[in-house]
Amino acid sequence: MADTAVTTIDAAPPAPNPMHEPVALPGDPMMALIEKVIMSPDLPMDRIQAAMDIRERQMDKVSEQQFNAAFAAAMAEMPNVARSGTNKHLQRSYSTLDDLIRASRAPLAKHGLSLNWQTGIDGDNIWVKAIVRHSEGHSISTEQRAPRDKSGSMNLLQGGGSTETYLKRYTGFALLGLASGDETDDDGQKVNADRAVITEDQYITLQQMIDQAGIREQAVLDAEKIMTLTDLPASKFDHVRKMLQVNIDRKAHT
């Protein structure tokens, strides 16, 4: 069974907000119908269950509407995320996971929202699910997984922590729809092709292929003369992918 952990960034429950109090529905015709159905001894159980299912769907819809309103309000107040990290290959800054947490905690909590992660280990893969929850019950999520980072001299624990941090950052920014600094320069223009490095999706693809090929990541780093896999130039992605596929095919026939 895969190990599972949960990380939550809101230190305390958000203060009550009148905008997000449960909606009172006096004289709700659906509730009145359900009460009438339950009190009737002649109605079969399947009719009662059908009425309860309708009510549950109605409540889920209300929760979703409240979530959407709260999420929109929080994003409207979301500040620009600081960029305290430095990509030495591109010589530019990017937003770290800590930057994301510090920037998003207050506006999310103000509107009854929280961002947290569920993490787990599945064989040699690390998986991370980012979840935004609302105090009224509705939530949205996104999930990614990648092999344990085997670059450099990291041990198994350090490699797992490195991959987990990367995936938390990746899924957190994706779920909130924020820019991390990896995608574009400050003026919104794509980085020059000769300086661009692989994307998050390409990184995950290569990590998975390295795992399938049964080789050490350090072998790829040494061959390409880079410090980490995220420093691989985008122009070399197809070449490395093809070489890894050759190793995967060779392994399958041995």
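# Salt bridges, helices and loops: a chat

Biologist: Let's start with K110. Is K110 buried, partly exposed or exposed?

Modeller: K110 counts as partly exposed, because its relative accessible area is 47%. Keep in mind that this is a predicted model.

Biologist: Noted. Which residue does K110 form a salt bridge with?

Modeller: With E77. The side chains of E77 and K110 meet in a salt bridge, 3.2 Å from N to O.

Biologist: Give me another. What does R145 pair with?

Modeller: R145 forms a salt bridge with D122, and their closest N and O atoms are 3.3 Å apart. Here too the pair links distant parts of the chain. R145 is in strand β6 (residues 139-147), while D122 is in strand β4 (residues 113-122). They are 23 residues apart.

Biologist: How accessible is R145? What about D122?

Modeller: R145 is at 31% relative accessibility, so R145 counts as partly exposed. D122 is also partly exposed, because its relative accessible area is 42%.

Biologist: Is K168 buried or exposed? And E164, buried or partly exposed?

Modeller: K168 counts as buried, because its relative accessibility is 8%. E164 is partly exposed, with a relative accessible area of 25%.

Biologist: Switching topic. What's the overall layout?

Modeller: The chain has 7 helices and 6 strands. Along the sequence, the pattern reads β-α-α-β-β-α-β-β-β-α-α-α-α.

Biologist: What share of the residues counts as buried?

Modeller: The chain has 254 residues, and 37% of them count as buried. The accessible surface of the chain is about 14,900 Å². Carbon and sulfur atoms account for 54% of that surface.

Biologist: What about contacts across the sequence?

Modeller: Take contacts between residues at least 6 apart in sequence. Of those, 62% join residues at least 24 apart.

Biologist: Back to helices. How do α4 and α5 cross?

Modeller: Their axes come within 12 Å and cross at roughly 145°. The crossing is left-handed.

Biologist: Which residues meet there?

Modeller: From α4, Y166, L167 and Y170. From α5, E200, D201, Y203 and I204. By class, the contact has 5 nonpolar, no polar and 2 charged residues.

Biologist: And where is A179?

Modeller: A179 lies in the loop between α4 (156-176) and α5 (200-213). At 44% relative accessibility, A179 is partly exposed.

Biologist: What does A179 touch?

Modeller: Leaving out residues up to four places away in sequence, A179 touches S95 and F173. The C-alpha atoms of A179 and Y94 are 9.2 Å apart, although 85 residues separate the two along the chain.

Biologist: Another loop, then. Where is K225, and what is its phi?

Modeller: K225 is in the loop between α6 (217-224) and α7 (237-252). Its phi is near 60°, a positive value in a residue other than glycine. K225 counts as exposed, because its relative accessibility is 75% and the cut-off for exposed is over 50%.

Biologist: Last one. Which helix holds D249?

Modeller: Helix α7. D249 has a relative accessible area of 38%, so D249 is partly exposed. D249 and Q212 are 37 residues apart in sequence, and their C-alpha atoms are 9.6 Å apart in space.

Note on methods:
Residues numbered from 1 in each chain as written. Predicted model: local features only at pLDDT ≥ 70, side-chain atom pairs only at ≥ 80, totals over all residues. Heavy atoms only, no water. Helix = DSSP H or I, 4+ residues; strand = E, 2+ residues; numbered from the N terminus. Buried < 20%, exposed > 50% of the residue type's maximum accessible area, 1.4 Å probe, protein only. Contact = heavy atoms within 4.5 Å. Salt bridge = Lys/Arg side-chain N within 4 Å of Asp/Glu carboxyl O. Areas by Shrake-Rupley, 256 points an atom, 1.4 Å probe, with all protein chains shown as cover. Axes fitted to C-alpha atoms, helices over the stretch in contact; angles between N-to-C directions. Left-handed = near helix turned anticlockwise from the far one by under 90°. Nonpolar A, V, L, I, M, F, W, Y, C, P; charged D, E, K, R; others polar.
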